[in-house]
Amino acid sequence: MAASARSQVISLYRNMLKESQKFPSYNYRTYALRRVRDAFRDNRNVEDPKIVDTLMEEGRQTLALIQRQVSIGKMYAAQKIVVE
């Protein structure tokens, strides 16, 4: 993987983790964090540039989805649970 592609992947990973931390609900937050970590861990050894580009586009779409869901979650706040 080229250095610029690697830095883009790391940047996307950090942005997804940062956005996932913003979920107001504990359950959604932990689920999103676990899914992001697992997805990046599963695809850690991918070297094919076409597959990397496909995964990057999928990651960008997922990041946009997370951002939308965080906004919606903040509009409709629920009671905090004991864990929070």
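Which residues does the UniProt annotation "domain: Complex 1 LYR protein" cover? In the UniProt record, an unreviewed entry, that label runs over residues 8-64. Keep in mind that this is a predicted model.

What does the chain look like over that stretch? Over residues 8-64 it is 81% helix and 0% strand.

Now helix 1. It takes in residues 3-20, so to speak our opening element, with 18 residues. From first C-alpha to last, helix 1 reaches 26 Å, close to the 26 Å expected at 1.5 Å a residue.

Which residues of helix 1 are buried? Val9, Leu12, Met16, Leu17, Glu19 and Ser20. Why are they on the same side of helix 1? Because they cover an arc of only 170 degrees around the axis. Turn to the face pointing away from that buried side. There you find the exposed residues Ala3, Arg14 and Lys18.

And what do the buried residues of helix 1 pack against? Two partners: helix 2, residues 26-42, and helix 3, residues 49-75.

Next, the largest pocket. It holds about 1,100 Å³ of space. Its lining counts 41 residues, and the closest to the centre are Met16, Ala32, Arg35, Val36 and Thr62.

Helix 3 provides the largest share, with eleven residues.

Terms used. Residues numbered from 1 in each chain as written. Predicted model: local features only at pLDDT ≥ 70, side-chain atom pairs only at ≥ 80, totals over all residues. Heavy atoms only, no water. Helix = DSSP H or I, 4+ residues; strand = E, 2+ residues; numbered from the N terminus. Expected span 1.5 Å × (residues − 1). Buried < 20%, exposed > 50% of the residue type's maximum accessible area, 1.4 Å probe, protein only. Arc of directions from axis to C-beta. Contact = heavy atoms within 4.5 Å. UniProt positions renumbered as here; feature names shortened; annotations may be inferred. 1 Å grid on protein atoms, 1.4 Å probe; cavity = no way out; pocket = protein on both sides within 12 Å on 5 of 7 lines; lining within 4 Å. Points joined across faces, edges and corners; volume = space filled by probe spheres on them.
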